[in-house]
Every structure is written in structure tokens, then in C-alpha cells.
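Have the viewer open as you read.

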Amino acid sequence: MSSETIRRRLVVHGKVQGVFFRDSTREAAQNEGVAGWASNRPDGSVEIVLEGPAEAVDSVAGYIRRGPSSARVDDIESYDETPEGLSSFEIR
């Protein structure tokens, strides 16, 4: 398993606000040792930044594709970025 840190920004569209999407994403990220943040956007989407080993980021991104049981994910925009050295996961 590679320990190289990657950063991925995801914008998740669908029924993703008011369904504990950010909190469940934080839990998934913490379980995988991934840092970053999650924030509701005014358009009803959720923006998420993940930083960590590629395999761990991919694992959390896989969870995000499903989301919590009360969510409905219609589309995800994904962007690879330069890591900033985040050390924890927060809800903004």
C-alpha cells in the first residue's frame, strides 16, 4: 500500500443535505485515517475535500458514492488537487 498523500475534491449532487451526509462522511474519513472537510453549498450540493493515502481516499470516495441510507447521490464531480497537509477532518 502506497503512503503517498493525494487530495481529491468532490462535489456531490442529489438529496445530500439534511440527511447526515457530512457527519457520516466524517466518520468514514476518520475510520480510514483521511483528513479533509465537508461543507453544504448554497445550491444544495455537498463539497468534500479528502487528503490521505490513495487507497484510503478511494475507500472514502466509494462510501460517498452511496452515502447514508437516507441520502440519494445523483452525480459527483471529482477533481484531483495538490495536497495541503491537512491533519484532521472537519465539518464546515
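## Leu50 and its neighbours

Setting aside residues up to four places away in sequence, Leu50 touches Ile6, Arg7, Arg8, Leu10, Val34, Ala35, Val57, Val60, Ala61, Ile64 and Phe89; contact here means heavy atoms within 4.5 Å. This is a predicted model, in which local features need pLDDT of at least 70, side-chain atom pairs count only at pLDDT 80 or more, and totals for chains, interfaces and linings use all residues. Numbering runs from 1 along each chain as its sequence is written, and side-chain values use heavy atoms, with hydrogens and water left out.

## The nonpolar core

Leu50 is also among the residues that touch the most other members of the 21-residue largest nonpolar core, along with Phe21, Ile48 and Ile64. Such a core is a set of buried Ala, Val, Leu, Ile, Met, Phe, Trp, Tyr and Cys residues joined through side-chain atoms within 4.5 Å, where buried means under 20% relative accessible area, with a 1.4 Å probe and protein chains only. E1, H1, E3 and H2 each give two or more residues to this core, and H2 gives the most, with six. Helices (H or I, at least four residues) and strands (E, at least two) are DSSP runs, numbered from the N terminus.

Leu10, in strand E1, counts as buried because its relative accessible area is 3%. Beyond its neighbours within four places in sequence, Leu10 is in contact with residues including Ile48, Leu50, Ala61, Ile64 and Ile76.

## The sheet

Five strands make an open sheet of mixed pairing, in the order E4-E1-E3-E2-E5; two strands pair if DSSP finds at least two bridges between them. E4 and strand E5 (89–91) are the edges, each pairing on one side only. E1 and E4 run antiparallel over nine bridges, and Arg8 stands opposite Asp80 in E4.

## Helix H2

H2 covers residues 54–66, and its 13 residues reach 19 Å from first C-alpha to last, close to the 18 Å expected at 1.5 Å a residue; that expected span is 1.5 Å times one less than the number of residues. Which residues of H2 are buried? They are Ala56, Val57, Val60, Ala61, Gly62, Tyr63 and Ile64, and they pack against strand E1 (5–15), helix H1 (21–32), strand E3 (46–53) and strand E4 (72–81). After H2 comes Gly67, with a positive phi near 75 degrees.

Notes: Buried means under 20% relative accessible area, exposed over 50%, partly exposed in between (1.4 Å probe, protein chains only).
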